[in-house]
Amino acid sequence: MIVQAVKWVGGVDGFLELVDQRRLPAEFVKLECRNIEALFEAIKTLAVRGAPAIGVSAAYGLVLAMQKLTSSDGLQQGLKVLAQSAESLSSSRPTAANLFWALERVRRKAEEFAGSQPGATSQELQSAGRLLAEAVLAEANAIYQEDVEMCRRIGQNGETFIKPNSSILTHCNAGALATAGQGTALSVVFEAHKKGKKFTVYVDETRPLLQGARLTAWELKQAEIDVTVICDNMAGWLMKQGKIDAVITGADRIAANGDAANKIGTYGLSILAREHSVPFYIAAPSSTFDLDINSGAEIPIEQRAAEEVTTFAKTQIAPDGINVYNPAFDVTEARDIAAIITERGVIENPNAENVSEHLR
Ligand code: MRU
């Protein structure tokens with residue numbers, strides 16, 4: 001069974017239920033976010049993480065924001081709260097395109113709704129605050145449902161890249177925990193498994209926060225897929241020995257030319273894959289593309305706290321006061337990507353022309 005990482009419970013007065021990913025795999029615990037501040041903290045501290053899951057959660061965050069409206073607040077106040085809340089949530093993590101995409105989509109829908117009530121009396125305008133909240137929830141639900149469907153399609157479009165009796169390598173977690181559905185890179189794995197193919201998945205542990213060892217390994221084990229965890233510095237040696245037939249990862253933001261940001265370490269894998277003639281695939285929904293930027297050089301890279309590097313499972317592993325550099329993502333160049341798999345199909349040898357054609 002595929003884990004449901006993000007779930008809205010109830011109507012406009014409901015709450016967001018998350019699987020607390022900080023505690024996996026030792027504990028499977030649900031976290032209830034009942035206000036936007038709690039959700040901000042959950043995103044920032046990676047209780048919910050992965051580009052699509054962050055986007056879906058943020059959309060529901062705007063429903064939580066609407067709960068602050070009082071019965072005397074009308075449409076204009078609702079739109080104001082929405083804009084402020086979207087701005088606040090968008091400052092939680094800077095790299096994943098899906099966050100900005102989802103917030104903007106909900107905000108636009110709310111404005112459309114407000115624009116469709118031009119002649120309302122002041123009394124009607126008051127109850128419109130509630131109607132606006134309902135419109136926001138409907139859009140968040142639509143984003144959720146579309147994500148579930150996009151994940152499934154990505155898997156179906158990509159499973160042919162997993163050859164029978166092959167070994168693939170993945171990095172970080174691009175599974176159900178990172179989306180509303182069955183993941184992106186792992187959706188490809190799940191669909192190949194569903195077809196009865198036999199294959200092995202190697203999973204990089206993914207320092208510093210170990211999303212590979214903690215989350216991807218957990219998901220694949222639950223699904224009874226053959227999985228082996230390796231340390232991040234082992235991938236090159238496995239490729240040298242011919243143990244890896246393909247690399248498949250997710251992405252947090254893809255530029256117009258096909259350059260793709262993903263978890264730190266992905267770039268290094270792409271260079272190793274090129275050196276060893278191993279095809280490197282990215283699996284991501286169209287909501288991860290940012291056509292406003294031309295290349296990966298323009299993607300903002302999140303810098304995270306030094307403690308993530310200087311401690312391991314709460315044990316100090318570096319001297320006090322040591323300098324630390326901790327970028328959370330890096331950028332793989334389009335020329336090193338054999339194909340990007342989306343819900344619409346496959347972009348082989350991505351470049352500005354075929355990315356634009358694919359998304360048109
Ligand atoms: O910092 P994280 O754990 O949010 O980083 C997640 C990744 O890099 C994933 O590979 C990416 O978001 C793709 S998720 C389908």
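Biologist: How many helices and strands does the secondary structure of the chain come to?

Modeller: This is a predicted model. Its secondary structure is given for the chain as a whole, and the count is eleven helices and 16 strands.

Biologist: What radius of gyration does the chain have, and what would a compact globule have?

Modeller: The C-alpha trace spans about 75 × 50 × 40 Å along its principal axes. A compact globule with 360 residues would have a radius of gyration near 21 Å. The chain agrees with that, at 21 Å.

Biologist: What share of the residues in the chain is buried?

Modeller: Buried means under 20% relative accessible area. Of the 360 residues in the chain, the share that is buried comes to 56%.

Biologist: In which sense do strand 5 and strand 6 pair?

Modeller: Strand 5 covers residues 199-204 and strand 6 covers residues 227-230, with four bridges between them. Val-201 stands opposite Val-227 in strand 6. From strand 5 the chain passes through helix 7 (residues 211-222) to strand 6, in a right-handed β-α-β crossover. The sense of the pairing is parallel.

Biologist: Where is Pro-208 found?

Modeller: Pro-208 is joined to Arg-207 by a cis peptide bond, with omega about 5°. Its place is the loop between strand 5 and helix 7.

Biologist: Which loop is the place of Pro-25?

Modeller: The peptide bond from Leu-24 to Pro-25 is cis, and its omega is near 0°. Pro-25 lies in the loop between strand 2 (15-19) and strand 3 (30-33).

Biologist: How many disulfides does the structure hold?

Modeller: A disulfide needs two cysteine sulfur atoms within 2.5 Å. For Cys-33 the nearest cysteine sulfur, that of Cys-172, is 20 Å away. The sulfur of Cys-231 is 16 Å from the closest cysteine sulfur, also in Cys-172, so a bond is ruled out by distance. The number of disulfides is zero.

Biologist: Is Cys-172 buried or exposed?

Modeller: Cys-172 is found in the loop between strand 4 (166-170) and helix 6 (185-194). Cys-172 has a positive phi of about 60° although it is not a glycine. With a relative accessible area of 6%, Cys-172 is buried.

Conventions:
Residues are numbered from 1 along each chain as its sequence is written. This is a predicted model: local features need pLDDT of at least 70, side-chain atom pairs count only at pLDDT 80 or more; totals for chains, interfaces and linings use all residues. Side-chain values use heavy atoms; hydrogens and water are left out. Two strands pair if DSSP finds at least two bridges between them. Helices (H or I, at least four residues) and strands (E, at least two) are DSSP runs, numbered from the N terminus. A crossover is right-handed if, with the strands pointing away from the viewer, the path from the first strand over the helix to the second runs clockwise. The radius of gyration is taken over C-alpha atoms; the globule rule is 2.2 Å times the number of residues to the power 0.38. Buried means under 20% relative accessible area, exposed over 50%, partly exposed in between (1.4 Å probe, protein chains only).
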